[in-house]
Amino acid sequence: PGKKVLIVYAHQEPKSFNGSLLKIAVEELTKQGCRVTVSDLYAMQFEPRATRNDIVGHLHNSEEFNYATETWEAYKRGGLSKDLVEEQKKVQEADLLIFQFPLFWFSMPAILKGWMDRVLVQGFAYDLSKSYDGGLLQDKLSLFSFTTGGTKEKYATRGDVRYLLWPMQHGIMHFCGVKVLEPHVCYAPKHVSEEKRKEMLTAWTQRLKTIWKEEPINCSPEWYFK
Ligand code: FAD
Ligand code: ZN
């Protein structure tokens, strides 16, 4: 109780399976007494492109634009655009970040990738020699909850989903110092029976009931590629 959760949600349709997973998470976590904030990226028309519009006022080097340098400098002088500042505030306050999305091309939808690209700027999420276990977003947990088109059997024979999670969990979250909980995968909601869909939704509720007792994974190459 009293824990703060940020759910970053990337689906266009509230009636979708992802929409149902989001609804369940908000209800269950709120019931536990958590403070839940949702960033509904499509509804917010979140800008995914990393451009110079993210910097308010003068550029550090207007002769040759470098996004990483400019956002780092802008962060330090409080010159990032309002939408980024708001997202960073939500991240800063959160104990747990949940990313809820459908798998797109073995990865996250562009709008969510854009959130990662733009929100997790140098100085805020990581810094020179402050990365991985030394990253700036310490004492936070993350959880990737996603759905697939492919069935569990296909993933079992064609390549484990853990391979896909290396860039997201290790390359982004761990890099920023955020601990990683076991991912939550709902395989092929479109292709299973209504009964199985209900089962998957119940399993998500059940998992969230004991989420605060979970230990983070050992986020190292062995977890992904053993
Ligand atoms: P939906 O189609 O919205 O939901 C499935 C069904 O569940 C629907 O009939 C819905 O009505 C029903 N439902 C919703 N709520 C409930 C409820 N409460 N109770 C019962 N039923 C409910 N897949 C891969 O595996 N790998 C890929 O690389 C990949 N790349 C993709 C790239 C793109 C660009 C796109 C568009 C899709 C890709 N996919 C891929 C497929 C995609 O991951 C799936 O279509 C998606 O995960 C399904 O989730 P959804 O929420 O959209 O499901
Ligand atoms: Zn890692």
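Colleague: Which residue has a backbone N or O atom 2.7 Å from a nitrogen atom of ligand 1?

Modeller: Keep in mind that this is a predicted model. Among the residues closest to ligand 1 are Ser-20, Leu-103 and Thr-147. The backbone N or O atom lying 2.7 Å from the ligand's nitrogen, though, belongs to Trp-105.

Colleague: And how much of ligand 1's accessible area does the protein cover?

Modeller: Let's go through some backbone partners first. A polar backbone atom of Phe-17 sits 3.2 Å from an oxygen atom of ligand 1, and for Gly-150 a backbone N or O atom is 3.0 Å from a ligand oxygen. On its own, ligand 1 has 1,000 Å² of accessible area, and the protein's cover comes to 68%.

Colleague: Which element gives the largest share of the shell around ligand 1?

Modeller: The shell holds 22 residues, and by class they split into nine nonpolar, eight polar and five charged. Two elements give two or more residues each: helix H1 (17-31) and helix H7 (194-209). The largest share, four residues, comes from H7.

Colleague: Moving on to the helix pair, how is H3 oriented relative to H4?

Modeller: Helix H3 (residues 82-93) and helix H4 (residues 110-119) pack with their axes 10 Å apart, at an angle of about 90 degrees. Angles of 65 to 115 degrees count as roughly perpendicular. So H3, relative to H4, is roughly perpendicular.

Colleague: Which residues in H4 does H3 meet?

Modeller: By class, this contact has four nonpolar, one polar and three charged residues. H3 brings Asp-83, Leu-84, Glu-87, Gln-88 and Val-91. In H4, they meet Trp-115, Arg-118 and Val-119.

Notes:
Residues are numbered from 1 along each chain as its sequence is written. Chains are lettered from A and ligands numbered from 1 in the order in which they are written. This is a predicted model: local features need pLDDT of at least 70, side-chain atom pairs count only at pLDDT 80 or more; totals for chains, interfaces and linings use all residues. Side-chain values use heavy atoms; hydrogens and water are left out. Axes are lines fitted to C-alpha atoms, for helices over the stretch in contact, and angles run from 0 to 180 degrees between N-to-C directions. Angles under 35 degrees count as roughly parallel, over 145 as roughly antiparallel, 65 to 115 as roughly perpendicular and the rest as oblique. Contact means heavy atoms within 4.5 Å. Ala, Val, Leu, Ile, Met, Phe, Trp, Tyr, Cys and Pro count as nonpolar, Asp, Glu, Lys and Arg as charged, and the others, Gly among them, as polar. A residue is near a molecule or strand if one of its heavy atoms lies within 4 Å of it. A polar contact is a pair of N or O atoms within 3.5 Å; within protein, one must be able to donate a hydrogen and the other to accept it, and residues adjacent in sequence count only if both atoms are side-chain atoms. Accessible areas come from the Shrake-Rupley method with a 1.4 Å probe; for residues, only the protein chains shown count as cover.
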